[in-house]
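Let's get to know a two-chain model together. Take a look at it first, and then we'll talk it through.

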Amino acid sequence: MNNALKLQILLREPIDITPIGAKRVISCGKKGESPLQTPEQSRTEFIAGLKELIIRVLRLEDIEPQDIIDSDPLFGDGLGLDSIDALELVVAIEKEYAVEIPDAEVGRHAFASMNALADFIVEKETTKKTSDALG
Amino acid sequence: MRWVETTTTVRFNEVDQWGIAWHGHYFAWFELARMKVLEKFSLLPNEFTALGFIAPVVSARCEFKKNALTNDPITIRAHVLKPQTASLTFQFEILRQTDGALLARGETVQVLQRLDGTMIYKLSGVLKTRVETMVSYFWP
């Protein structure tokens with residue numbers, strides 16, 4: 001499932017702005033899984049994808065996705081990322097989700113934790129889709 | 001890929017008691033070349049500040065290949081890598097003029113901050129234009 005579709009799942013009211021084809025695909029989950037996926041499952045999957053992205057982009061070889069705690073900060077005490085990591089992560093997130101994080105002020109909220117980052121991306125995507133839909 | 005070069009001579013006060021240039025001075029020599037680059041593209045520290053930014057170094061390294069000795073004439077050359085993120089990576093080489101021997105090779109990474117200390121994750125405006133001009137000089 002691509003990330004645009006994963007995001008669709010997380011949108012609360014996508015009826016008017018979601019392409020019809022996409023809606024059908026997104027409710028299917030992975031092949032062989034139940035087609036009915038709860039929002040909690042979707043979110044868990046989305047966060048898991050984000051963790052994999054972070055590990056890949058920042059080459060965190062000793063860290064497994066399950067080692068990253070959803071509520072821990074990404075910088076400093078938690079995952080211990082630094083300013084150069086932030087720059088790389090920002091580029092990757094923009095590439096993958098088309099969501100911009102222009103500076104550390106915005107980054108402070110977005111990188112507060114995995115939960116915060118997921119919320120941030122979903123919120124930005126929702127805003128963008130809504131404004132696109134409104135034209 | 002191009003370099004910007006400058007020259008200097010190893011001074012007596014720059015060598016240690018073994019007669020070899022003290023390792024920390026190589027970073028000061030790198031700085032000579034960096035300033036030469038920044039001057040060329042209107043990105044000197046005061047010009048950075050005028051645009052509302054500073055560019056602190058967050059990483060610096062140097063590999064020492066051969067000893068520099070008192071009175072050695074040296075060439076320091078620098079270029080800037082094509083940035084993948086909102087940062088500036090300078091690479092340096094120091095060569096002995098008499099035989100062209102490579103004495104040291106180094107690199108610094110600078111991030112960009114607004115004057116209030118907020119780090120920026122994306123370049124924009126005049127700063128972006130000047131940085132792009134500088135990069136395209138080295139990678140025509």
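Here are a few questions and answers about this predicted model. Residues are numbered from 1 along each chain as its sequence is written, and chains are lettered from A and ligands numbered from 1 in the order in which they are written. In this predicted model, local features need pLDDT of at least 70 and side-chain atom pairs count only at pLDDT 80 or more, while totals for chains, interfaces and linings use all residues.

Q: Which helix gives the largest share of the side of chain A that touches chain B?
A: Two residues are in contact if their C-beta atoms, placed from the backbone, lie within 7 Å. By that test, 14 residues of chain A meet 13 residues of chain B. The largest share of chain A's side, seven residues, comes from α4(A).

Q: Leaving aside neighbours within four places in sequence, which residues is A:V90 in contact with?
A: A:V90 is among the residues with the most contacts inside the largest nonpolar core. Such a core is a set of buried Ala, Val, Leu, Ile, Met, Phe, Trp, Tyr and Cys residues joined through C-beta atoms within 7 Å, where buried means 20 or more other C-beta atoms within 10 Å of a residue's own. Beyond those sequence neighbours, its contacts are A:I101 and B:Y121.

Methods
Helices (H or I, at least four residues) and strands (E, at least two) are DSSP runs, numbered from the N terminus. A residue is buried if 20 or more other C-beta atoms lie within 10 Å of its own, exposed if 12 or fewer, and partly exposed in between; C-beta atoms are placed from the backbone.
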